[in-house]
Amino acid sequence: MRVSCRATFSEVVDDADLEATIESAESSPGGRAVGGALEVSVVVLSGDARGTRLPIRGRLTVGKSNDNDLVLSEESVSRVHCEISRVGRGVRVRDLGSTNGTYVERVRITEAVTPVGSVIRVGNAVELALRPDLTLLEVEPFAKGEIDGVIGAGLAMRRIFAVLDGVARTDATVLLLGETGTGKEVLAHAIANRSHRRSPFVVVDCGAVTPTLIQSELFGHERGAFTGALAQRKGAFESARGGTIFLDEIGELPPDVQPMLLRVLEARKIRRVGGNQTIPVDVRVLAATSRDLEREVSAGRFREDLYFRLAVVPITIPPLRARRDDIPALVAQILSRIPGAALLAPGPRTLSWLLQHDWPGNVRELRNILERAAYLSLAAKSSELLLPALPSGPASTGDDAFGFTLAETFREARARVEDDFERRYVAWLLANHGGNLSAAARAVQMDRKHLHVLARKHGLRGDADE
C-alpha cells in the first residue's frame, strides 16, 4: 500500500491506482508544465546543505552516500534515502527503504505524486522545496493581446498571459512581482475569474493593515480576544473559503505573523485570535508584492520557507516603460471607461509625450493623468485630449534611466540601450506623422523600407499603404 498525493496526503490506494495516476499525469496534454516551459528544482531549506539547488532532470537521488545526486550529511538521512522525478505537471517522490522515512507535507510516504510547490522532509530534519523556474521566453505567447480586460499586445505580456491562463485552471499559489501600479491586482482577478475559484475573491492589503491587527484581519478573532473585540469575527481566510484570497503587498507582512501564515499554507487550517478551535480552510492563495522578496530573504526580513511556499509560480510583471507599445491601446481603453471621453483622441504632441514618459507610477499613473486630461478636455468642449501643462519629467536622461547593472557586460548594456533608443525614436517619429511611414521616412531622410523593418521589429504600427 502507498500514499497517493494526488489531492490530499491522507488517501491510501493500491499500486494499480498510483500507477494509473502517474500514467495519466505523464500523458496529459501540455505535460511539460504550465505554458510548456517549466523546470522544477529541489531547494534545500534546512541542514548543512541549506540553499543548495538542483534541477530535476531524469531521476534525482537523495541520501548520505556521495554517489547520490543530492548529498545530505545529517544523521537521520540514510545512505540512499529517496528518489525524486518529474511526472507530467507534478513530481513523484519514492522512498528507497530509508530508516527514518520520507515525508510529503508531513505525511510519511512510500511513493507519492505531489504538485510542484510541495515540501518534502528527508529523515527527521532536512526539508526540501519543489521550486518551479518559469522561463517565459520559451512559453508560446497567448493568442490575444488582452486577457480579461488587461491589455498587453507585446510578446512579454502575451507570454505572461499564457502562463496565467495555464495556472488559472489549477490551485497553484501564484506570486505576482512588479513595481507599484503595474496591475498585479487586476491580473490576480483575471486568474480567479478563469478558475473554478472565482468567488468569493477576498483581498487583504498587508501594507494597509496595522501590525497589531493583521493577525485578526487574516485569521479572525473571538469575542474578548483583545481590547475592542466586542464580537466574534471571521478573518479573510474563512471568508474566502471555496474561493481565492489575494494577499497584496505580502512583503509588508510583519515578521511575527509570517510563521503563522506559513502554518496556514502548510496545514490549510486557521485558529482565530483568542480561540482554541482549529478551522479548516479550503482556499486558493494568490500574493503580490512590489518588493524584491529574494533580497528581503537574504536580509533576514522575510522567511525563506514562506517565500518558497508563496512562489510556487512566480511571475514578474514588466513596468510600463518596458512595454510602451501598449500605451496607445491602454489610452483608448482608459478613455472608453470615462463617461463622455470615448471619442477623445490625443494629438501628435500629446501622444509623443505619452510614449516618451518613463511612467514611474506605471499604469496607475497613466490612468490618473488621462482622467484629469479627459475632464479638462470635456469641460473645454474639445474633441482632442488636452494636456494643457504636460507633467514634468518626460524620459529622464540621467544615468539611472539606462538601468545599468553589474550583471551585464558592456556589449549587452550597449545593445540594450541602443535597442531602447531605436524603439523610442521610431515610436516618436510615427506619432508625429500620424503613422504615415513615407512621410516619417522623408522627414528624417531615412529609407522607407528600413523604417518599415524597424517598426515591425518593435511591434509599432504604421500605415503600409499611405
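This is a predicted model: local features need pLDDT of at least 70, side-chain atom pairs count only at pLDDT 80 or more; totals for chains, interfaces and linings use all residues.

1. The protein chain has 466 residues, and 48% of them count as buried. Its secondary structure comes to 14 helices and 24 strands.

2. On contacts and surface, 61% of the contacts in the protein chain with a separation of 6 or more are between residues 24 or more positions apart. The accessible surface is about 23,000 Å², and carbon and sulfur atoms hold 50% of that area.

3. Do have a look at the open sheet of five strands, which is ordered E6-E5-E7-E8-E11 and has mixed pairing. Strand E6 (70-71) and strand E11 (111-115) are at its edges; each has a single partner strand, so one side of each has no neighbour in the sheet.

4. How is E6 joined to strand E5 (residues 59-63)? The two strands run parallel and are linked by two bridges. Within this part of the sheet, Gly63 lies opposite Val71 in E6.

5. Now to Gly274, which sits in the loop between strand E19 (269-270) and strand E20 (279-280). Is Gly274 buried or exposed? Gly274 has a relative accessible area of 61%, and it is exposed because that value is over the 50% cut-off.

6. Gly274 still has partners from elsewhere in the sequence: leaving aside residues up to four places away, it touches Glu222 and Ala225. Arg223 is 51 residues from Gly274 along the chain, yet their C-alpha atoms are 7.9 Å apart.

Conventions:
Residues are numbered from 1 along each chain as its sequence is written. Side-chain values use heavy atoms; hydrogens and water are left out. Helices (H or I, at least four residues) and strands (E, at least two) are DSSP runs, numbered from the N terminus. Buried means under 20% relative accessible area, exposed over 50%, partly exposed in between (1.4 Å probe, protein chains only). Contact means heavy atoms within 4.5 Å. Two strands pair if DSSP finds at least two bridges between them. Accessible areas come from the Shrake-Rupley method with a 1.4 Å probe; for residues, only the protein chains shown count as cover.
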